[in-house]
Structure formats: C-alpha cells, structure tokens
Amino acid sequence: MQENFSFFNPVRISFGKGILKNVGKIARKYSNNALIVTGKSSMQRSGVLQKLLDILKAEGVGSTVYSGITPNPTCIEIDEAAKMAKDFKTGLIIGLGGGSPLDSAKAVAVAAKGDIPVWDYLKVKAKEALPVITIVSTSGTGSEVNRYSVMTNPATKEKPGFGYECMYPKEAIIDPEIMISMPKYVTASTGFDIFVHVLEAFTGKMKNAFSSAYCMQAFYLLKDNLINAYNEPQNLDARGNMALASALAGLAIDLSGTGIIHALEHPVSGNYPNIAHGAGLAALTVASLRYNISGCKRDFMLIAHHLGIKRAGKTDDEYAYSLIEKTQEILKAIDLNMSLKDLGVEKEALGKIAKEAFATMGFAVQNNPEEIDEKEALKLLELSY
Ligand SMILES: [Fe+2]
C-alpha cells in the first residue's frame with residue numbers, strides 16, 4: 001500500500017524547438033525589469049544570452065545581467081546577484097544556462113526579497129521570493145522544473161541543497177535548439193545526472209505513483225537518447241528527448257527526493273569544485289547500486305525492463321543485476337567510466353566526505369532504500385575509489 005503523500009507542482013512548462021522567442025511576452029507578465037542570472041561564458045559564446053537580451057528589449061522588458069555563476073555556485077555569488085537585483089529594483093529573475101545558474105536564480109529570488117545572507121535560509125524558512133523564469137541549456141539537473149537549489153560555502157566547503165515552496169519557478173522554457181551547443185562532456189555528465197535522478201526517485205523511500213510514472217517515461221527516453229545525444233550533438237530529436245527526460249526526472253526528485261549517490265556526491269564536488277556533479281555521480285553509482293540491490297530487486301527489474309534489457313530466461317536476481325551491468329555499459333559509452341581517484345579525489349578526504357554527507361545531505365541519506373550508516377558510507381566511497 002502506498003504511503004501517504006501530497007502532490008504539488010506549480011511550474012508552467014513550455015517545450016518546443018525555437019520557443020525562446022516567446023520569452024519576452026512571458027517575462028512581461030511578471031515584470032518589465034529582469035535580472036538575468038547566468039554563468040561566465042557558455043551562454044555568451046553560443047550567442048543565446050545576446051538573443052535573450054534582444055528578445056526582452058523588443059518586448060520592452062529592461063534587463064541587467066549577473067554573469068558570475070560558477071559550476072559549483074557559492075553563497076557569495078548568490079548574495080552578489082541578490083544585491084544587484086535589489087539595487088536595480090528588478091521584479092523578475094531569469095535563470096539562463098545549466099543547473100548552476102538555474103539553481104542560483106531560485107536562491108537569488110529568495111535572497112533578493114529578504115534581508116539576510118542566503119546561507120541563513122538553510123535554517124530560516126523562506127516564505128517569499130521574486131518570480132523566476134528558467135531557460136535551460138543543458139539536460140540534466142531538472143532544476144528548471146523544481147524548487148531546489150544547491151550552493152557551496154567556500155569557507156567550509158559544505159554543499160547543501162535546499163528548496164522552499166516559494167522557490168518554484170513560475171515558468172520553465174525548454175527549447176532543444178539551445179542545447180545543440182552543449183559540449184560532449186557536459187552532455188555526458190548532465191545526461192548521467194538524469195539517470196541517477198530517476199534511479200534514486202524510483203527506488204527511494206518517498207517514491208509514489210506519480211514520481212514513478214515520471215521515472216518510467218524518463219528511463220524509456222534515456223534508453224537510446226542519452227548515447228545518441230552524446231554521439232550526435234546536432235541530433236535535435238535526441239536533444240529534445242533528453243530535455244524531456246531531464247524535466248521528468250526533475251519533477252520526480254521534487255516529489256520523491258534522491259538517495260545515497262547524491263548524498264555522497266555533494267560533498268565530493270563541494271570539496272573538489274572542479275569535479276562536475278554528473279562525473280562525481282558516475283564514480284559512485286555502481287557501488288551504490290550493489291549496496292541497494294537486495295532491497296530493490298523488483299524496482300531494478302522494472303528499470304531493466306524500461307531500459308529495454310531482455311529478460312530471456314534470467315532469474316529474478318540475474319535480471320535485477322542486469323541493471324548494474326547496463327549502467328556500466330552506459331558509463332563506458334559516454335566516457336564516464338571513472339573512479340573517485342581518476343577524478344582527483346584524495347584518499348584521505350573520504351572520511352570527511354562521508355561525515356559531510358550525513359551532516360548536509362541527511363534527507364537524501366534517509367530516503368535511500370537501504371539503511372546506511374557513516375561507516376558503510378565510507379566503505380561505499382572506498383569501493384568507488
Ligand atoms: Fe543531480
């Protein structure tokens with residue numbers, strides 16, 4: 001019998017090739033003065049930022065750009081952007097780019113409404129935020145459709161996630177044409193992030209009928225499109241399907257959370273900011289699946305089915321295990337078959353990482369299908385090394 005749950009997601013999702021052109025009219029519904037929150041280079045290089053500025057201007061929406069968001073956004077960057085939003089009296093935050101600028105846009109929207117540093121919102125519940133529009137350029141985090149934001153404290157290297165109801169974007173613009181410019185490594189790491197979102201939402205303790213439905217469709221879309229989008233960057237259909245999988249996975253984790261793989265990855269890339277989230281996940285996934293398999297046999301079999309793995313005479317145990325083999329196959333195909341050591345993590349840091357997973361990602365640890373303590377988490381890190 002399903003555990004009690006409630007389902008709420010207020011984000012208007014617009015999907016389609018070339019729909020970026022509509023964003024001026026959409027923005028005007030909320031404000032005629034927007035702050036665009038983006039990273040330092042990719043949206044400038046691809047020309048998408050300039051296109052957005054032109055579209056907003058044509059609709060009479062004034063805009064200011066904060067382009068200081070780094071791959072692992074810090075609370076300092078978010079406070080800087082929030083100060084800009086206050087100084088320029090902007091009534092709307094537009095997040096443009098991958099997961100980092102989108103996560104940051106939501107945190108900026110909160111900090112711009114209040115008068116405390118954004119880090120304090122880990123303890124103080126945020127009740128209001130400026131409206132946010134997300135324009136997503138990668139397929140991965142699902143940040144475009146959910147309330148979550150992840151930030152790093154550069155002083156302590158902690159990298160917690162947080163999300164209040166007021167942080168849901170008002171609108172998510174998903175235009176696969178923007179994703180064509182995504183570099184191969186980003187396609188692989190963000191694509192694998194989707195895979196882990198649906199793995200963890202589908203098997204976690206908070207799973208429910210709605211998140212499971214999103215996950216099953218996302219697995220089906222990931223089946224061919226993850227590797228196709230990696231091998232054929234210009235394939236607009238593969239890009240569009242990955243964008244849909246990302247949004248479905250984003251909705252799934254909004255409802256049902258993540259698990260031990262995310263709990264361990266956050267402190268990995270928190271301590272090593274040059275490691276991409278998806279690459280950190282890639283190093284941790286196989287050992288974590290092995291840890292979880294005994295309690296998740298039925299779920300693993302269902303996932304195997306949705307990934308197109310033939311049952312063909314396999315026992316239940318073998319069929320469940322085929323998910324782990326498939327995961328290794330996918331990692332090889334997208335050149336992410338790496339260990340924590342390959343990524344540059346120092347062996348001596350593993351103890352600190354295990355500790356931080358419990359300190360800052362406790363909700364994800366608790367959602368893991370199998371109980372896990374700090375000692376077992378350290379063992380998982382060692383197996384992933
Ligand atoms: Fe993730």
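**Entry 1: α11 and α16**

I began with two helices, α11 (residues 277-292) and α16, whose axes come within 8 Å and cross at roughly 135°. The model is predicted: local features need pLDDT of at least 70, side-chain atom pairs count only at pLDDT 80 or more, and totals for chains, interfaces and linings use all residues. Residues are numbered from 1 along each chain as its sequence is written, and side-chain values use heavy atoms, with hydrogens and water left out.

I noted how the terms are set. Helices (H or I, at least four residues) and strands (E, at least two) are DSSP runs, numbered from the N terminus. Axes are lines fitted to C-alpha atoms, for helices over the stretch in contact, and angles run from 0 to 180 degrees between N-to-C directions.

α11 and α16 are therefore oblique to each other. Angles under 35 degrees count as roughly parallel, over 145 as roughly antiparallel, 65 to 115 as roughly perpendicular, and the rest as oblique. The crossing of α11 and α16 is right-handed. A crossing is right-handed if the near helix is turned clockwise from the far one by less than a right angle, and left-handed if anticlockwise.

Which residues make the contact? On α11 I found Leu 284, Ala 287, Ser 288 and Tyr 291; on α16, Glu 376, Leu 380, Leu 381 and Leu 383. Contact means heavy atoms within 4.5 Å. By class, this contact of α11 with α16 has 6 nonpolar, 1 polar and 1 charged residues. Ala, Val, Leu, Ile, Met, Phe, Trp, Tyr, Cys and Pro count as nonpolar; Asp, Glu, Lys and Arg as charged; the others, Gly among them, as polar.

**Entry 2: α14 on α16**

I stayed with α16 (residues 374-383) and looked up α14 (residues 350-360). These helices pack at an angle of about 130°, with their axes 9 Å apart. α14 and α16 are therefore oblique to each other. α14 passes α16 in a right-handed crossing.

From α14 I listed Leu 350, Gly 351, Ile 353, Ala 354, Lys 355 and Phe 358. They meet Glu 374, Ala 377, Leu 378, Leu 381 and Glu 382 in α16. I sorted the residues of the contact of α14 with α16: 7 nonpolar, 1 polar and 3 charged.

**Entry 3: α7 and α13**

I turned to α7 (residues 184-203) and α13 (residues 316-333), which pack at an angle of about 165° with their axes 12 Å apart. That makes α7 roughly antiparallel to α13. Their crossing is left-handed. Phe 192, Phe 195 and Leu 199 of α7 make the contact with Leu 323, Thr 327, Ile 330 and Leu 331 of α13. The residues of the contact of α7 with α13 divide into 6 nonpolar, 1 polar and no charged.

**Entry 4: the sheet**

What is the strand order in the open sheet of 6 strands? I read β1-β8-β5-β4-β2-β3, with parallel pairing. β1 (12-15) and β3 (62-69) stand at the edges, each with a single partner strand, so one side of each is left without a neighbour in the sheet. Neighbouring strands are turned by 20° against each other on average, direction ignored.

I checked one pair. 6 bridges join β2 (residues 33-39) to β3, and the two run parallel. Two strands pair if DSSP finds at least two bridges between them. Ile 36 has Val 65 as its bridge partner in β3.

Helix α5 (residues 99-111) packs on the sheet and touches β2, β3, β4 (92-97) and β5 (132-136). Its direction makes about 165° with that of β4. Helix α9 (residues 236-256) also packs on the sheet, touching β1 and β8 (171-174). The direction of α9 makes about 170° with that of β1.

**Entry 5: Val 37**

I picked out Val 37, in strand β2. Is Val 37 buried or exposed? At 0% relative accessibility, Val 37 counts as buried. Buried means under 20% relative accessible area, exposed over 50%, partly exposed in between (1.4 Å probe, protein chains only). Not counting residues up to four places away in sequence, Val 37 touches several residues, including Tyr 66, Ile 94, Pro 101 and Val 108. Val 37 and Lys 106 are 69 residues apart in sequence and 9.6 Å apart in space, C-alpha to C-alpha.

**Entry 6: two positive phi values**

Lys 89 has a positive phi of about 50° although it is not a glycine. I found Lys 89 in the loop between α4 (75-87) and β4. Lys 89 is exposed, at 69% relative accessible area.

Ala 312 has a phi near 30°, a positive value in a residue other than glycine. Ala 312 is in the loop between α12 (297-306) and α13. Ala 312 is exposed, with a relative accessible area of 67%.
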